[in-house]
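Good morning, and thank you for coming. Please look at the sequence and the structure as I put them up.

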Amino acid sequence: MRGGGERECEARVERVSAEAAGAGAGEIDREAVAARAATLLPADLLDGGELVLMVVKPSPWYIVLAALRPLAWIAVVTVGLVTLNNAVVDLGWLGLGERRLPRVVDSRDLILLGFGVGGARLFWQLLEWLSRVYVLTDRRVIRVKGVLTVQVFQCTLAKLQQTDLVFTVRERLFGLGTIGFSTAGTGLREAFWVMLAKPLEVHKAVVEAMRRYGGRNEGG
């Protein structure tokens, strides 16, 4: 049996369904939005009467793509250690000929260690992906992230100065994109919705929400 917070969240989503469908924010599947809101949002994250327009997460490709650089370093270090472990040094100038450096561990153990460290890094990235939730309501945009320390960014639609779509090379290869948010206070990008599977559709929904609801939230 679900708690009162989940039922309340679903009720808010049901109220917004008809209005959001005509807001130009795209075709919204009411049941899908309600299910995601109930399972991903903390019960006390939303204010009373706040209407959920969209709940999204980064693409699962985020787990691999965000860890590419550390995985590359792990591979380089592993190969370097294996090479050094099997290195042969020419000591002919000392009259000793070629000598193999003493092995501290077996090369196979070094390879297994590299795979283990790489697997641990991917597991951490999985936890990071699970922690990320991006929320669009009729009042604000919200970004929740963090495994050990949870960070919540939220900004009212009226205070959003602009949004930017960013497509890095690795994102373009997989049809992904990132949305950056700049507030009226700083004009700088203060938060990102990273590696979205349908960045153009999500960005269109955010812009439409700013146009439709931003004016009425001037006081917020």
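What we have here is a predicted model. The protein has 220 residues, and buried residues make up 39% of them. Its secondary structure comes to seven helices and nine strands. If we take the contacts between residues at least 6 apart in sequence, 56% of them join residues at least 24 apart.

Let us turn to helix α4, residues 68-85. This helix has 18 residues and spans 26 Å from its first C-alpha to its last, close to the 26 Å expected. Which residues of α4 are buried? They are Ile74, Thr78, Val82 and Asn85. Seen down the axis of α4, these buried residues fall within an arc of 65 degrees, so they line one face of the helix. The face turned away from that buried side carries exposed residues, namely Arg69, Trp73, Val76, Val79 and Leu84. Part of what covers the buried residues of α4 is helix α5, residues 107-131.

That brings us to α5 itself. With 25 residues, α5 reaches 37 Å from first C-alpha to last, close to the 36 Å expected. Its buried residues include Ser107, Leu110, Gly114 and Gly118, and also Gln125, Glu128, Trp129 and Ser131. Against what do the buried residues of α5 pack? Their partners are the helices α3 and α4 together with the strands β4 (133-137) and β5 (140-145).

A nonpolar patch of about 630 Å² is made by Trp61, Val64, Leu68, Leu122, Val169, Leu173 and Phe174. Helices α3 (61-65) and α6 (169-173) each supply at least two residues of this patch. Val64, for instance, lies in α3 and is partly exposed, with a relative accessible area of 35%.

Next, the charged pairs. Side chains of opposite charge can pair when their charged atoms come close. How many salt bridges does the structure hold? It holds three.

One joins Arg132 and Glu128, whose closest N and O atoms are 3.1 Å apart. Arg132 counts as buried at 9% relative accessibility, and Glu128 is buried as well, at 13%.

Another is formed by Asp164 and Arg189, at 3.3 Å from N to O. This pair links distant parts of the chain, with Asp164 in strand β7 and Arg189 in strand β9, 25 residues apart. Asp164 is buried, with a relative accessible area of 18%, whereas Arg189 is partly exposed at 43%.

There is also the bridge between Glu208 and Arg211, with the closest N and O atoms 2.1 Å apart. Both residues lie in helix α7 (residues 199-213), three residues apart, about one turn of the helix. Glu208 counts as buried at 16% relative accessibility, while Arg211 counts as exposed at 57%.

I close with the backbone. Most residues other than glycine have a negative phi. Met195, however, has a phi near 50 degrees, a positive value in a residue other than glycine. Met195 is placed in strand β9, residues 189-196, and at 4% relative accessibility it counts as buried.

Thank you for your attention.

Key. Residues numbered from 1 in each chain as written. Predicted model: local features only at pLDDT ≥ 70, side-chain atom pairs only at ≥ 80, totals over all residues. Heavy atoms only, no water. Helix = DSSP H or I, 4+ residues; strand = E, 2+ residues; numbered from the N terminus. Expected span 1.5 Å × (residues − 1). Buried < 20%, exposed > 50% of the residue type's maximum accessible area, 1.4 Å probe, protein only. Arc of directions from axis to C-beta. Contact = heavy atoms within 4.5 Å. Patch = residues over 30% accessible without salt bridge, like charges linked within 9 Å, V, L, I, M, F, W, Y side chains within 5 Å. Areas by Shrake-Rupley, 256 points an atom, 1.4 Å probe, with all protein chains shown as cover. Salt bridge = Lys/Arg side-chain N within 4 Å of Asp/Glu carboxyl O.
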